[in-house]
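The stops below are given in the order in which to select them.

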Amino acid sequence: MVIQATQNDVIFLGHGFYLGGANTGGRDKNVNLQNNVDLPNNVDFYLLEPIGAKLDARLADDLIHQERTDISLFHRDGSADSDISKSFPHVYNTTCPNFILQDLGPELKKKLKLANLPPVGSPYIVLVSQDTPLSDLLNRDDVSRLIKEHQQSNTRLRIFWAACASQDEPSETSVVLKRS
């Protein structure tokens, strides 16, 4: 599937994980973890990779710089790869897992060239400095305002999860990118 972020989209950018259905291992057990979150009306939440997989930083870079990208996903099982592209990105529009967004860190901030974004016409990018559940991200004043604007104009707000959705044991699923 070909995706491209626009100035009307929101990107939650950082490291990320999901604890639902997985052993929490060494993760912060003080984070408020509900397994699912109800999405507001008029919101489409894009998960770019399967839960348990790691996101390729090139895909996050393409999103924030509004590049058209064809996503191909392959599940590696031993020596064979099976194409699972038809299932992703997965778009949630009612209920979705309550993913946790983490700080991007200085190395990835530099690698993704966040300072080079044009001030006008870029997608709205949300970064965090501490572990933040999706439920809290949706209730931030800035994001909540954008959601209400889309509800009032009866348009859909696309929110991209530009972070991993990894669990304690990431799967052998990889995201392979193709430029369109």
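Buried means under 20% relative accessible area, exposed over 50%, and partly exposed in between (1.4 Å probe, protein chains only). Helices (H or I, at least four residues) and strands (E, at least two) are DSSP runs numbered from the N terminus. This is a predicted model, in which local features need pLDDT of at least 70 and side-chain atom pairs count only at pLDDT 80 or more, while totals for chains, interfaces and linings use all residues. Residues are numbered from 1 along each chain as its sequence is written, and side-chain values use heavy atoms, with hydrogens and water left out.

**Colour by confidence.** pLDDT is the predictor's confidence in each residue, from 0 to 100. The chain has a mean pLDDT of 78, and 72% of its residues reach 70 or more. Select helix α3 (residues 134–138), where confidence is highest at a mean of 96, then strand β14 (residues 173–179), where it is lowest at 50. Next take residues 22–34: pLDDT stays under 50 here, and the model has 21 contacts (heavy atoms within 4.5 Å) for them beyond four places in sequence.

**Select strand β5, residues 43–47.** Five of its five residues are buried. On one side are Val43, Phe45 and Leu47, on the other Asp44 and Tyr46; both faces are covered.

Strand β13 (residues 157–162) runs parallel to β5, joined by five bridges, and Ile159 in β13 is the bridge partner of Phe45. Strand β8 (residues 90–92) pairs with β5 in the antiparallel sense over three bridges. There, Val91 is the bridge partner of Tyr46.

**Show the nonpolar cores.** Such a core is a set of buried Ala, Val, Leu, Ile, Met, Phe, Trp, Tyr and Cys residues joined through side-chain atoms within 4.5 Å. The largest has 25 residues, of which Phe12, Phe45, Leu134 and Trp161 touch the most other members. At least two residues each come from β2 (10–13), β5, α3, α4 (141–152) and β13. Centre on Phe12: its contacts include Phe45, Leu101, Leu134, Val143, Ile159 and Trp161. Another core, of 18 residues, lies apart from the largest one; Leu55, Leu59, Leu114 and Cys164 are among its members.

**Finish at Gln102.** This residue is found in strand β10 (residues 100–102). Is Gln102 buried or exposed? Gln102 counts as buried because its relative accessibility is 19%. Its side chain makes a polar contact with the side chain of Asp131 (3.3 Å). A polar contact is a pair of N or O atoms within 3.5 Å; within protein, one must be able to donate a hydrogen and the other to accept it, and residues adjacent in sequence count only if both atoms are side-chain atoms.

Definitions and conventions: Pairing = 2+ DSSP bridges.
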